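Colleague: Could you walk me through this model? I'd like the ground rules as we go.

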Amino acid sequence: MTIRHLRRLRIWIALVFFMLTLFLFLDFRDFGLRVIAGEVLYLQFVPSLLQFLDNATLGAAGFILVLMLTLVFGRVYCSFVCPLGIFQDLISRLARKRMANPGEKKRTSRFSGSRPHYFLWYAVLSLTVLLFFAGTGLMLNLLDPFSSFGRIVSHLFRPLVLGANNLGVPLLEQLGSHALYRVQWPVFVPAATGIALATLMVVGWLSARHGRLYCNTLCPVGALLGLFSKISMFRIRIAPDACDSCRQCQRVCKAGCIDLKEKTVDVRRCVACFNCLAACPGQGLAIQNHWRQPARQNPAKPGRRGFLIGLAAAGMGLGSSRVDAGPVNSADSSDPVDPVNSADSAVQTRPTTIPETRTGPISPPGSVSVARFSSLCTACHLCVSVCPSRILVPALLDYGLSGMLQPKMDFRSGHCNYDCKDCLEVCPTGAILPLSRENKQQVQVGVARFIKENCVVYTDNTNCGACSEHCPTKAVDMVHYLTLPDRDLLIPKVNPDICVGCGGCEYACPTKPYKAIYVDGNPVHRKAEKPVEKAVEQRIDTSEEFPF
């Protein structure tokens, strides 16, 4: 393989990584890719780094492999693996075709050499590191390229896919096909959608007009890898004697890092796309082993280099029921009765008056505690995408400013299925640890609280029992409350020892605007006791003859 073929190799590898990552966020039919989500996302830099800081294992060392590759080949992560970087390349390519005149596509000058914006770039990196050490991952949440890409797909593209699916259902049914089924719409969170849209607009405009300018000005991962790339082994070099300054390489350099006047390539901004190698008509560009080359005539000043290496070192030391893709199909729920249509749900005649008093957000099972979850989550929203019950929604300030956009459990639109563990299988940062189904069913993320004054049994003197019926552990039991002339009334009673905080009771409770029973989150998750299964006595009358 010649160096001209490196570009083609990069494109194929990038497409594989991009399509697999994209499919993870869009897979609402659960085609099985989630099983290998860990392998697909292994090399995502920030998620891997955070996972390694929490649990230093080989399985969480993908970022170390990225750093090693960067030291050898430069910023290959940015062009081969990073989904936001590859997404920018696609936008840039589409923009080029749109701007090019018919028949002049190959002559269109896409890019040109540009000056670096190191101050802004390293300021973003420094602020990200400082805030992370100060205990807030806000900058990572907003600027981590993988998480930004995830939010764009989850909140902007995935609804389009779901809409197309739902529109196709009646069309296929008219043709006699039932290959598709309707799926639930994701919960609309204006702040999350707005930030995703703003990110798309900024990234899209920059990539359409200036290629990888976002990566070389605002991306903290790009800035950190740029420092390592500065000392990488293999780099693209311009041969002054062979280069005739035809500018072909500069026109395809999306990083704008080629200076033909000085005959240099800024390796810190080079994203290792190899476009320039394929575009050079002669032998003006080559890949050289810098570690064997003599020292440059104008080396960086020792003080500056020391600062950059120190900054890089600081960057490395950062820290320290299945309900199936939301089909509207009661058969996919473990609950026997749809709470909305439950015959046992009483009709409320008067609005409730006592608001729920939640003490904090409810973090997903497997997150261990709110503090741990908030410190590791980068709000990529992959768990939000795969949650079939749509109960994982982006929080605004529930975790504080530093936890903005991180997912929380919200039971207004559903409840956590007792058997589901989809979110446990896909988290790339380790903020949600994988658990077996048995262990997950004993994780107590919160405890149900009952407000008698809001319950229709108290306000309307009528039986309900929806909360108890939808409790998978029977932590909510119905006990004797009042005897009326025509009937006995039963009222809920919570056993907090076996409650897991799944939200089944809260979702099923028919009272408005305030619930009579709700889940209050546990700051630190506990282990619930196993519910006692009551044996069902079945007496068979052997005296009767066989019925048929």
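Modeller: Two strands count as paired if DSSP finds at least two bridges between them, and strands (E, at least two residues) and helices (H or I, at least four) are DSSP runs numbered from the N terminus. This is a predicted model, in which local features need pLDDT of at least 70, side-chain atom pairs count only at pLDDT 80 or more, and totals for chains, interfaces and linings use all residues. Residues are numbered from 1 along each chain as its sequence is written, and side-chain values use heavy atoms, with hydrogens and water left out.

Colleague: OK, how many bridges join E8 to E9?

Modeller: Seven bridges join strand E8 (residues 476–483) to strand E9 (residues 488–494), and the two run antiparallel. A hairpin of four residues connects E8 to E9, and Val-479 stands opposite Ile-491 in E9.

Colleague: Switching to helices, at what angle do H4 and H11 cross?

Modeller: The axes of H4 (residues 62–73) and H11 (residues 220–229) cross at roughly 45° and come within 8 Å, where axes are lines fitted to C-alpha atoms, for helices over the stretch in contact, and angles run from 0 to 180 degrees between N-to-C directions.

Colleague: And which residues make the contact?

Modeller: Val-66, Leu-67, Thr-70 and Leu-71 of H4 meet Leu-225, Phe-228 and Ser-229 of H11, with contact meaning heavy atoms within 4.5 Å.

Colleague: Last one, what does the pLDDT average?

Modeller: The protein averages a pLDDT (the predictor's confidence in each residue, from 0 to 100) of 84, and 85% of the residues score at least 70. Over residues 299–341 the pLDDT is below 50, and this stretch has 88 contacts in the model beyond near neighbours in sequence.
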